[in-house]
Structure formats: C-alpha cells, structure tokens
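Dear colleague,

I am passing on the structure below, together with some notes on what turned up when I went through it. Please read them alongside the coordinates.

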Amino acid sequence: MSKIGFIGLGIMGTPMAGHLLRGGHELFVHDVKPIPAELLDQGAQVRGSGHDVARDAEIVIVMVPDTPHVASVLFDEGGVAEGLSAGKVVVDMSSISPIETKQFAARINALDCDYLDAPVSGGEVGARAASLTIMVGGSPEAFSRVRPLFELMGRNITLVGGNGDGQTTKVANQIVVALNIEAVGEALLFAARMGADAGKVREALMGGFAASRVLEVHGERMVKRTFDPGFRIELHQKDLNLALASARQLGLSLPNTATTQQLFSACAAHGGKAWDHSALVRALETLANFQIGDTVAK
C-alpha cells in the first residue's frame, strides 16, 4: 500500500481517486471545493493544503483544469513544493502547456524529486470505467514506480519520452478528437439535411472505414441531443489554444485546428462553454439553419 496524494477532485479526478482507494492505497486529498462524499465514505483523508498533502504522501497526483492552476497548486504559498522531501514523485495528470510543463519539472527536480506529466484521454466515461489512455513524459525510473497506480486508472499507458512529451501527445490527441467531432457533425448534418435518418446513417458508418470512437459515442450524442458533459467545450478550447499557441511559436500552420476552434468559440458565444464538446455540431446547425432531427419537406 502506498501513500498517495490527490489534488483536484472534479468530474475526472473523483472517479480516478476512487480507483486508487479501491486499489488499497492510503489517500490524502485536497480541493478548493468540498471533498465528494463518495471519497470520504471510502476512507479518503482530507488535508488543508497542497503542502500538507505533499508532506504526508509519497506520490502526489494533480488533476486540475489548466496551466495556471497547476502552477498555483505546485508553487503558491502552502503549495505542493513546500511540502516535498527528497525522493517523492509529483504526477501532473492535467492537460496543460508542454513548454511550462518542462519548467515545472525542472523546479520539482531541483528539490530532488521526480516529475511525470501524465495527461489522460477518455473523458468522464473513461475515468469512471478505469479505461483512460495515459500519455506519460518523464524518467523511466519514475514511470516504473508510478505505473501500478496508472494501471488502476487506465488501460493504454505509454511512456512517450521525457518531461513535456506527455503533454505534447495530449495536445496532438485533442487536435485529432476535435477535428473528428467536426467531421462527424458535418457528415450527420449532411445526411439529415438530405432527408436520411441520421441515426441509421451513423449505424451504417460504424461498420465501415469511417468508424471511430467519436462516431460511436459523440455521433450518438448528436443524434439523441444529449450534450451534458462529458468533456466541456471550454476545456477543449483550452487544449486547442495550447496547440495553436505552440504552432505559432514553431511557425507551423494548423488550419483545420483553427477552424474547429472557431466553431467551439461560436458555441461558447451562445452560452455553450459547459456543453459537451460533441455539441460543436450546434454551431454547424446554426450555419445551416437546420438541426439533426428536423424533418425535411418532401
């Protein structure tokens, strides 16, 4: 049994922490919001600060929304860095800037501690099912030490390279997912506008080369109009901002990523920041003045 710290108990973090508890580990938790009762009932021990979590834990996991949040959790007064002692491991499972990740890792390494960036893909469904994809950057030694914990939370676990490479992989993942959502939205909207049953079209496409996890899960959301998150549009916007900002620094053009980000922005402008990212189809429907499920006049 290991002593694990977990900071950030939102939609993703709560089920992830629950898997660690059920795996038999001692868990010290902290969040700016009240700790979910389901974790307290399983034996999670509340600590008042990141410092206190890091003091009591051997491995500290962070799962918060964005780069500034990770910086605050780690390095603000009363933060994780103040509570660390030599030999401990910090694992950031948030999705944040690859560039700043390397800076965070250097500061933690200077305290004689290891650092892993280990963002995840799979959303709330994957978090609850312990089927997350986990993309890891850091040393092989630290990865081997933490891998048993990753295996309680996910299935496809890969050490990609050094610090920052896990976050780079996650940004690449979010590009693929966003463009796939946009493509599925266009395809189903086209089918519906042509007068076909979008649900049946989706079913047929699932048996061919167009099949994908996005078509399976988010295509169904589009057809059934179930846009409760999931993974919020505002979080996918954040991830694409990371992609586009890094691309600008590299002098790299990502034209379809930029277009898809504008569609997310259109959703946000209509009050949809908290919609599931599959609701990107609503921006396409607004442009078409037609909604999947509408009846086409024959």
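Leaving aside neighbours within four places in sequence, lysine 170 is in contact (heavy atoms within 4.5 Å) with Ser95, Pro119, Val120, Met135 and Asp239. This is a predicted model, in which local features need pLDDT of at least 70 and side-chain atom pairs count only at pLDDT 80 or more, whereas totals for chains, interfaces and linings use all residues. Residues are numbered from 1 along each chain as its sequence is written, and side-chain values use heavy atoms, with hydrogens and water left out.

Lysine 170 counts as buried because its relative accessibility is 5%, where buried means under 20% relative accessible area, exposed over 50% and partly exposed in between, with a 1.4 Å probe and protein chains only. The unreviewed UniProt entry annotates Lys170 as "active site"; UniProt positions are in the numbering used here, feature names are shortened, and annotations may be inferred rather than shown by experiment.

Lysine 170 lies in helix 9, residues 165-193; helices (H or I, at least four residues) and strands (E, at least two) are DSSP runs, numbered from the N terminus. The 29 residues of helix 9 should span 42 Å at 1.5 Å a residue, and its end C-alpha atoms are 42 Å apart, which agrees; the expected span is 1.5 Å times one less than the number of residues. Helix 9 is followed by glycine 195, whose phi is positive, near 100°.

A search of the whole structure finds two aromatic pairs, where rings of Phe, Tyr and Trp (its six-membered ring) pair if their centres lie within 6.5 Å, and planes under 30 degrees apart count as stacked, over 60 as edge-to-face and the rest as tilted. Phenylalanine 75 and phenylalanine 104 form a tilted pair, 5.7 Å centre to centre with 55° between the planes, and this pair links distant parts of the chain, helix 4 (residues 67-75) and helix 6 (residues 98-109), the two phenylalanines being 29 residues apart. Phenylalanine 143 and phenylalanine 150 also form a tilted pair, at 6.3 Å and 40°, and both are buried.

The charged end of arginine 193 sits over the ring of phenylalanine 290, 5.4 Å from its centre, by the criterion that NZ of Lys or CZ of Arg is within 6 Å of the ring centre and within 35 degrees of the ring normal.
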